[in-house]
Amino acid sequence: MKALTPWTRTLSPWSELESLQERVNRVFGTRSPFLDEALAWRPAVNLKEDEGEYVLTAELPGMELENIELDVDRDTLTLKGEKKHQAEEAREGRWHLYERMEGSFERTFALPRAVEAEQVRAEFQNGVLTVHLPKRKEAMGRKVKITRK
């Protein structure tokens, strides 16, 4: 019968950089801005265009609505937030793999001129933020009926 050994290798592509950063931090007592940037958590975002609006969706798993901020200022949409981990959860037990990312983020998007900024609305459900960016009526174009002569 084989003995079971704990699985200690992580699957994160950043695990080697994280390990290196931890060692550098211990030696010099500093943090590397380059590695911090590379390891920073950024929510995945999709943007699609429908006939009457643009729809931006952002994946924000494990976040609370109170920790999300959405600003529309003229031609710019800014999504900010902070994903906090449970400190108790992180300290307890003997972790073999911990890939859940946390921290602050900020994403900024240039809005097309066609967006009616005053009519932007958003909803947050099941960890997904959906932002509806309606188009100005004059930007939607119009259909022309073709007649036979």
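Read from one end of the sequence to the other, the protein runs α-α-β-β-β-β-α-β-β-β, which comes to three helices and seven strands. Helices (H or I, at least four residues) and strands (E, at least two) are DSSP runs here, numbered from the N terminus. This is a predicted model, where local features need pLDDT of at least 70 and side-chain atom pairs count only at pLDDT 80 or more, while totals for chains, interfaces and linings use all residues. Residues are numbered from 1 along each chain as its sequence is written, and side-chain values use heavy atoms, with hydrogens and water left out.

As for confidence, pLDDT is the predictor's own score for each residue, from 0 to 100. Its mean over the protein is 78, with 65% of the residues at 70 or more. Residues 1-10 fall below 50, and beyond near neighbours in sequence this stretch has eight contacts in the model. A contact means heavy atoms within 4.5 Å. Among contacts between residues at least 6 apart in sequence, 52% join residues at least 24 apart.

Accessible areas come from the Shrake-Rupley method with a 1.4 Å probe, and for residues only the protein chains shown count as cover. The total is about 12,100 Å², and 50% of that belongs to carbon and sulfur atoms. Of the 149 residues, 24% are buried; buried means under 20% relative accessible area, exposed means over 50%, and partly exposed lies in between (1.4 Å probe, protein chains only).

Strands count as paired if DSSP finds at least two bridges between them. Strand β3 (residues 68-73) pairs with β4 in the antiparallel sense over six bridges, and Asp71 stands opposite Thr78 in β4. Two residues lie between β3 and β4 in this hairpin, and Arg74 in the turn has a positive phi of about 50°. Arg74 is exposed, with a relative accessible area of 72%. Strand β6 (residues 121-125) and β7 are also antiparallel, over five bridges, and Glu123 has Thr130 in β7 as its bridge partner. This hairpin too has two residues between its strands, with Asn126 in the turn. Phi of Asn126 is near 55°, a positive value in a residue other than glycine, and Asn126 is exposed at a relative accessible area of 75%.

Then there is the inside. A nonpolar core is a set of buried Ala, Val, Leu, Ile, Met, Phe, Trp, Tyr and Cys residues joined through side-chain atoms within 4.5 Å. The largest one has 17 residues, and Leu60, Leu129 and Leu133 touch the most other members. Strands β2 (53-59), β4, β5 (103-110) and β7 (128-134) each supply at least two residues of this core. Leaving out residues up to four places away in sequence, Leu60 touches Trp41, Pro43, Ile68, Phe105, Phe124, Gly127 and Leu129.

Lys83 sits in strand β4 (residues 76-83). Lys83 counts as buried because its relative accessible area is 12%. Its side chain reaches the backbone oxygen of Pro61 at 3.1 Å. Beyond residues up to four places away in sequence, Lys83 touches Trp41, Pro61, Met63, Met101, Glu102 and Gly103. One of these, Met101, lies in the loop between α3 (87-91) and β5. With a relative accessible area of 28%, Met101 is partly exposed. Met101 and Lys84 are 17 residues apart in sequence, and their C-alpha atoms are 8.9 Å apart in space.

Notes
Polar contact = N/O pair within 3.5 Å; in protein donor to acceptor, adjacent residues only side chain to side chain.
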